Amino acid sequence: CVVTGAPATLDSKPVEWTIVIASGRSCLRGLRSGGITLESVVVSTPAKVGDATVEGYGFSYSAPRDFKGEDSFAVTISGANRGIRGSSIIWVSVSVR
């Protein structure tokens, strides 16, 4: 799978990511970066077609077999960025091919 988008910085600003994935496949994405310490990762808006789940300090998305089209979900993360506490919502648009 290919995941694109700016990193979440826990500054309450939403972030938009895109995933391009093949039908029937899964994608795992970690969320740790730089000076960020994560305390919570939650799928706050479930996927409409596929399956989005929390995997440690990341998430996975599984596209249904025989499905081609668009899907979406949101992940909310919270923790600290260089000692400053905060949260971010990552809106994920999925293109299943």
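Which residues does Ala6 touch, not counting residues up to four places away in sequence? In this predicted model, Ala6 touches Val15, Glu16 and Trp17 under that condition.

Ala6 is placed in the loop between β1 (2-5) and β2. Its relative accessibility is 46%, so Ala6 counts as partly exposed. A further relation concerns Ile90: the C-alpha atoms of Ala6 and Ile90 are separated by 9.6 Å, although the two residues stand 84 residues apart along the chain.

**The nonpolar core**

The largest nonpolar core of the model contains 24 residues. Within this core, Leu31, Tyr61, Phe73 and Ile77 are the residues with the most contacts. Two or more residues of the core come from each of the elements β2 (15-21), β4 (36-45), β6, β7 (69-81) and β8 (84-96).

Phe73 illustrates these contacts in detail. When residues up to four places away in sequence are not counted, Phe73 touches Ile19, Thr45, Pro46, Ala47, Ala52, Phe59, Tyr61, Ile90, Trp91, Val92 and Val94.

**Ser60 in strand β6**

Strand β6 comprises residues 58-62, and Ser60 lies in it. Ser60 counts as buried because its relative accessibility is 11%, and the cut-off for buried is under 20%. The side chain of Ser60 is joined to that of Glu55 by a polar contact of 3.5 Å. Apart from residues up to four places away in sequence, Ser60 touches Cys27, Leu28, Asp51, Ala52, Thr53 and Glu55.

**The salt bridge**

How many salt bridges does a search of the whole structure find? The search finds 1 salt bridge. In it, the side chains of Arg85 and Glu39 meet at 2.7 Å, N to O. This pair links distant parts of the chain, since Arg85 belongs to strand β8 and Glu39 to strand β4, 46 residues apart. Arg85 counts as exposed, because its relative accessibility is 57%. Glu39, with a relative accessible area of 47%, is partly exposed.

**Accessibility of the residues discussed**

The table collects the accessibility values.

| Residue | Relative accessibility | Class |
|---|---|---|
| Ser60 | 11% | buried |
| Ala6 | 46% | partly exposed |
| Glu39 | 47% | partly exposed |
| Arg85 | 57% | exposed |

Why does Arg85 count as exposed? The value for Arg85 is 57%, and exposed means over 50%.

Technical notes:
Residues are numbered from 1 along each chain as its sequence is written. This is a predicted model: local features need pLDDT of at least 70, side-chain atom pairs count only at pLDDT 80 or more; totals for chains, interfaces and linings use all residues. Side-chain values use heavy atoms; hydrogens and water are left out. Helices (H or I, at least four residues) and strands (E, at least two) are DSSP runs, numbered from the N terminus. Buried means under 20% relative accessible area, exposed over 50%, partly exposed in between (1.4 Å probe, protein chains only). A polar contact is a pair of N or O atoms within 3.5 Å; within protein, one must be able to donate a hydrogen and the other to accept it, and residues adjacent in sequence count only if both atoms are side-chain atoms. Contact means heavy atoms within 4.5 Å. A nonpolar core is a set of buried Ala, Val, Leu, Ile, Met, Phe, Trp, Tyr and Cys residues joined through side-chain atoms within 4.5 Å. A salt bridge is a side-chain nitrogen of Lys or Arg within 4 Å of a carboxyl oxygen of Asp or Glu.
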